[in-house]
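Dear colleague,

Please find below the structure I promised to pass on to you. My notes on what was found in it follow directly after.

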Amino acid sequence: MNKLIGLAGIFGIVGLVYAFSPNKDKVNWKSVGLAFVMQIVLAGALILTPLWKLVEVSSNVVTHLLTFANEGISFVFGDMFSGGWSLFLGGLMPIVFLSALTGLAFHFGILQKFVKVIGLTVAKLFKVDPIVAVNGVTNMFLGQSDSLFITKNYLPKASESVVFATLVGGMTSISVSVVGVYTGLGASMEWILVSMPLTVFSCFVLTQLYMPTEYKGVDGLEITSEGKGDNFLETMVNYGQTGFQAVIGITVALLVFVSFVAFVNGLLTIINPAITLQKILGVVFYPLAFLMGVPHAELGAVSQILASKFVLNEAVAFGLPQFADLSVNAKAMMTIVNCGFAGIGSIGIMIGTYSSIAPNKVKTVVKLGFKALIIATLVNIMSGAVVGLFL
């Protein structure tokens, strides 16, 4: 029964987005249909076929990389946290090492070549603007801000629909450098890795329904290598410093948001000890939780997680006790949903990023920011529902 509800929910989200589309006459149904089928086929292949072994192997590789990061953390911080890593050291600090590795791949052109080949192939296959396709692939590695720099030379002249697609793509994705944060909060590395390619296709479905981009071929698109150092060591250090800045930013956000939620809940207990901010916000997201097809008994918890992610961020959502208490299948679905930066704060991040690489598009970002957040939230929810079909 839950799977039937989830399937109905998937079609319901697609229908809802199309109903509010301001560009219905420009929708390329062949492209949308192909992306829709591909997300379902990909999810089924990754979960039900031997490809799941590849997911497990990839999970082990990434987990092993995190142990290398712990060597550096241990050297710098010593026995400060002997007896167990804190979230700051064990979950956040590995971002520095993983960012440095990303810089290494960037310095030698490995990342750019991979992104260009896969991105332009995706553009041809789904008939989407190549900037959108390249951005979607890049988001899996660099996240919503840094991925925009790969095609920064083209964004000042990009159409409104392309800007919108980059906003949604950035909000629905995560960067590989933050996976340690989520596993430190109890998420499964396997499901985190499944979310990364799956979300790309889900994003194509809804962005090309709501605000379609025009395909004009892929000739002439070049991937920028701006940001490389004079040698690979300098590039690694530069990327590592960027990663450390991200660590501080996430740390501050968690401190502020978690403390603020606790403060508000403390005030609410004066009115009624049973009321919390998550429960109040969860009422709004209850219908979406239902459409995902999660077990009825967990609808309340799932709706509260969805609300926390939307209003605060995904790290706070992962850290909720409601997430830890979910059943195995519901936790898998919510891991997929939470693996995206679709929170209100992302609008500010995207405004800041565009102000530095395409200042003439800032007004467009401001105008489309909240709409992009809504579509991005639906993308992540739809991805979770698709996974639920195969559990």
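Predicted model: local features only at pLDDT ≥ 70, side-chain atom pairs only at ≥ 80, totals over all residues.

Within α1, the buried residues are Ile-5, Gly-6, Gly-9, Ile-10, Ile-13, Val-14 and Val-17. The cover over these buried residues of α1 includes α2 (29–48), α10 (189–210), α12 (277–292) and α18 (362–388).

As to the chain as a whole, the protein contains 18 helices and 0 strands. For 391 residues, a compact globule would have a radius of gyration near 21 Å, and the 20 Å found for the protein chain agrees with that. The C-alpha trace spans about 60 × 55 × 45 Å along its principal axes. Of the 391 residues, 53% are buried. Among contacts with a separation of 6 or more, 79% are between residues 24 or more positions apart. The accessible surface of the chain amounts to about 16800 Å², and carbon and sulfur atoms contribute 69% of it.

Helix α18, already mentioned as part of the cover of α1, also holds Asn-380. Is Asn-380 buried or exposed? With a relative accessible area of 0%, Asn-380 falls under the 20% limit and is therefore buried. Beyond its neighbours within four places in sequence, Asn-380 is in contact with Met-171, Thr-172, Thr-199, Lys-309, Val-337, Cys-339, Gly-340 and Ala-342.

How many salt bridges does a search of the whole structure find? The search finds 2. In one of them, Lys-367 pairs with Glu-160, and their closest N and O atoms are 2.7 Å apart. Glu-160 is partly exposed, at 36% relative accessibility.

A further salt bridge joins the side chains of Lys-53 and Glu-56, at 3.7 Å from N to O. Both of these residues lie in helix α3 (residues 51–77), 3 residues apart, which is about one turn of the helix. Lys-53 counts as exposed at 56% relative accessibility, and Glu-56 counts as partly exposed at 25%.

On the surface, Phe-244, Ile-248, Val-252, Leu-255 and Val-256 form a nonpolar patch with about 430 Å² of accessible area together. One of these residues, Val-252, is found in helix α11 (residues 232–271) and is partly exposed, with a relative accessible area of 45%. Gln-245 also has its place in α11. With a relative accessible area of 57%, Gln-245 is over the 50% limit and so counts as exposed. The C-alpha atom of Gln-245 is separated by 9.7 Å from that of Ile-95, although the two residues are 150 apart along the chain.

Most residues other than glycine have a negative phi. Lys-127, however, has a positive phi, near 55 degrees. Lys-127 is placed in the loop between α6 (110–126) and α7 (130–146), and at 38% relative accessibility Lys-127 counts as partly exposed.

With kind regards

Conventions: Residues numbered from 1 in each chain as written. Heavy atoms only, no water. Patch = residues over 30% accessible without salt bridge, like charges linked within 9 Å, V, L, I, M, F, W, Y side chains within 5 Å. Areas by Shrake-Rupley, 256 points an atom, 1.4 Å probe, with all protein chains shown as cover. Salt bridge = Lys/Arg side-chain N within 4 Å of Asp/Glu carboxyl O. Helix = DSSP H or I, 4+ residues; strand = E, 2+ residues; numbered from the N terminus. Buried < 20%, exposed > 50% of the residue type's maximum accessible area, 1.4 Å probe, protein only. Contact = heavy atoms within 4.5 Å. Rg over C-alpha atoms; globule rule 2.2 N^0.38 Å.
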